[in-house]
Amino acid sequence: MIECIDIIKAGGELCQKFTSPEFLTSPPYVVNKEYIPHNIAKAMDKGWSTRVHQRKDINVFHIKDVFVTEEGLVITKNGDIVQQSVTQHSLPDLERALCNIKNKNPVHIHEKTLLLRKRGDNNYGHWHVEVLPKLWLIDGICLLYTSPSQRD
């Protein structure tokens, strides 16, 4: 059975809080919309037509001893899935992720890393709207990169 748990219950610590200000935007000009499957275009319409984006709280957590797979899905060493990391993942995605963690040799990283992966982040628009703002917010809060000579 797949268990999804809150990041705090999984051992995550809130280390920074931000508030994203309200902002206005124009709907995007979507090229070749007719090639987008109808159900996907319909799901995107709300986001595309939103002009006023309300203030939003943004929380940065630090969590240890987890696995990351399936475009940002976070799994604890006990096999629980961190609820906040589930973004457009289906039940088969969750099952595959757990199977991969149990049956493959995961890469172990022992340094702090910043999780920016999310479904759709390989899309140019999502990169600009979701990933770059996260990098901008966290700049100066977390040490993003140091060369080996700077780590000591």
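A salt bridge is taken here as a side-chain nitrogen of Lys or Arg within 4 Å of a carboxyl oxygen of Asp or Glu. By that criterion, Glu70, Asp93 and Arg96 are linked in a network of salt bridges. The model is predicted: local features need pLDDT of at least 70, side-chain atom pairs count only at pLDDT 80 or more, and totals for chains, interfaces and linings use all residues. Residues are numbered from 1 along each chain as its sequence is written, and side-chain values use heavy atoms, with hydrogens and water left out.

The protein chain holds three helices and eight strands. These are DSSP runs numbered from the N terminus (helices H or I, at least four residues; strands E, at least two). Their order along the sequence is β-β-β-α-β-β-β-β-β-α-α. The C-alpha atoms fill a box of roughly 45 × 40 × 30 Å along the principal axes. Accessible surface amounts to about 11700 Å², computed by the Shrake-Rupley method with a 1.4 Å probe, and for residues only the protein chains shown count as cover. Carbon and sulfur atoms contribute 54% of that surface. Of the 152 residues, 24% are buried. Buried means under 20% relative accessible area, exposed over 50%, and partly exposed in between (1.4 Å probe, protein chains only). Among contacts (heavy atoms within 4.5 Å) with a separation of 6 or more, 65% join residues 24 or more positions apart.

Helix H2 covers residues 91-103. Its 13 residues should span 18 Å at 1.5 Å a residue, and its end C-alpha atoms are 18 Å apart, which agrees. The expected span is 1.5 Å times one less than the number of residues. The buried residues of H2 are Asp93, Leu94, Ala97, Leu98 and Ile101. Seen down the helix axis, they fall within an arc of 135°, so they line one face of H2. The arc is that of the directions from the helix axis to the C-beta atoms. An α-helix has 3.6 residues a turn, so residues three or four places apart point the same way. The buried residues of H2 pack against S6, S7 and S8. On the other side of the helix, Leu91, Lys102 and Asn103 are exposed.

Asp93 belongs to this buried set, with a relative accessible area of 9%. A polar atom of its side chain lies 2.8 Å from the backbone nitrogen of Ser90. Beyond residues up to four places away in sequence, Asp93 touches Glu70, Gln88 and Arg119. Arg96, in turn, forms a salt bridge with Glu70, the closest N and O atoms being 2.9 Å apart. This pair links distant parts of the chain, with Arg96 in helix H2 and Glu70 in the loop between S6 and S7, 26 residues apart. Arg96 is partly exposed at 39% relative accessibility, whereas Glu70 is buried at 15%.

Four salt bridges are found in the whole structure. One of them joins the side chains of Asp45 and Lys33 at 3.2 Å, N to O. Asp45 lies in helix H1 (residues 38-49) and Lys33 in the loop between strand S3 (23-24) and H1, so the pair ties together parts twelve residues apart in sequence. Both count as partly exposed, Asp45 at 34% and Lys33 at 35%. Another salt bridge pairs Lys77 with Asp65, with closest N and O atoms 3.9 Å apart. Lys77 sits in the loop between S7 (73-76) and S8 (81-82), and Asp65 in the loop between S5 (56-62) and S6 (66-69). Lys77 and Asp65 are both exposed.

Definitions and conventions:
Polar contact = N/O pair within 3.5 Å; in protein donor to acceptor, adjacent residues only side chain to side chain.
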